[in-house]
Amino acid sequence: MSWLLLILSLPTENSTARMRAWRALKACGAAVLRDGVYLLPEGEDRRESLKAVAEDVNRSGGQAYLLESSTDDAGFADLFDRTADYARLSQDLAACLADAPATAAPDLSRMARKMHKACDALTAIDFFPGEARRQVQGQLAALDQALEAKSQAQDGAGEPSPRPSAVQRLDRSAYQARQWATRRRPWVDRLASAWLIRRFIDPQARFLWLADPADCPAEALGFDFDGAAFTHTPEFVSFETLLHSFGLESDPVLAKLARLVHFLDVGGLPVAEAPGIETLLAGMRASLPDDDSLLAAASGAFDYLYAHYETRAHE
């Protein structure tokens, strides 16, 4: 892989030039290899950005050299990890989603525009995108959906949303006392989804554990397998798809659980308690060969975790 290296010796007597260079390097997402040495992946726009910084430094009495290097050092890519930045943006989005039901449509629209602008600025310097970006984009889609629903409720026409959601909103009353089906020997996403279904969507739900998803009965509601009614989207794991389908995403406690399930299932924004929950569920799965018993045990764990998150939210 090719990299651009900018080596600077800034003029000590010109603080304005130093600040100008620092701001420009931060804006283009350059990483610091060491004092005075900055790095970016090869790219025409990035080359032009560094070239402009170099020219400005040279004009201001300093010295600057723009070089190109080819290396397979994976450590360079790690310097551009934006997970912490996405985590901060995710917290802001979670707060917006929690406040959405009580926020007027014009104010929510301004919040959505602000969040999109922040996300666009971050993705512009995210040169090695991963699950964290997709997770935040899922939250943005949820915020857009909340705005669209609120606008339609207030004026009937609906204010155009910046990005439409791919998840259709459903009426819980039409999904009662149903049979739900997923793959047998469930793991985190399927266990959490089944808990969510029985706790918040369909209290009389009956679960069918499939050896082969192709055997799913036509009348059953499938989840977490290809072709299921509720499964992964580009932004969401199945738990999150169920949340958004049934209008549960504004519950801040469920939103926090969703972040945990997302991280354990596909990675993305880290959650501190994830290793402990994963270990606990792994122990249950190893000890309980019957899937109904496994769901019962896991549901108890999710109940306690929900109660813990709920208590923390009111502290």
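The legends below describe close-up views of one predicted model.

Residues are numbered from 1 along each chain as its sequence is written, and side-chain values use heavy atoms, with hydrogens and water left out. In this predicted model, local features need pLDDT of at least 70 and side-chain atom pairs count only at pLDDT 80 or more, whereas totals for chains, interfaces and linings use all residues.

**View 1. Gly62 in the loop between α2 and β4.** Gly62 lies in the loop that joins α2 (44-59) to β4 (63-70), where helices (H or I, at least four residues) and strands (E, at least two) are DSSP runs numbered from the N terminus. Gly62 counts as buried because its relative accessibility is 12%, the cut-off for buried being under 20% relative accessible area (exposed is over 50%, partly exposed in between; 1.4 Å probe, protein chains only). Apart from neighbours within four places in sequence, Gly62 contacts Ser9, Pro11 and Val57, contact meaning heavy atoms within 4.5 Å. Pro11 is 51 residues away along the chain, yet the C-alpha atoms of Gly62 and Pro11 are 4.7 Å apart.

**View 2. Helix α1 against helix α2.** The axes of α1 (residues 15-27) and α2 come within 10 Å and cross at roughly 175 degrees; axes are lines fitted to C-alpha atoms, for helices over the stretch in contact, with angles from 0 to 180 degrees between N-to-C directions.
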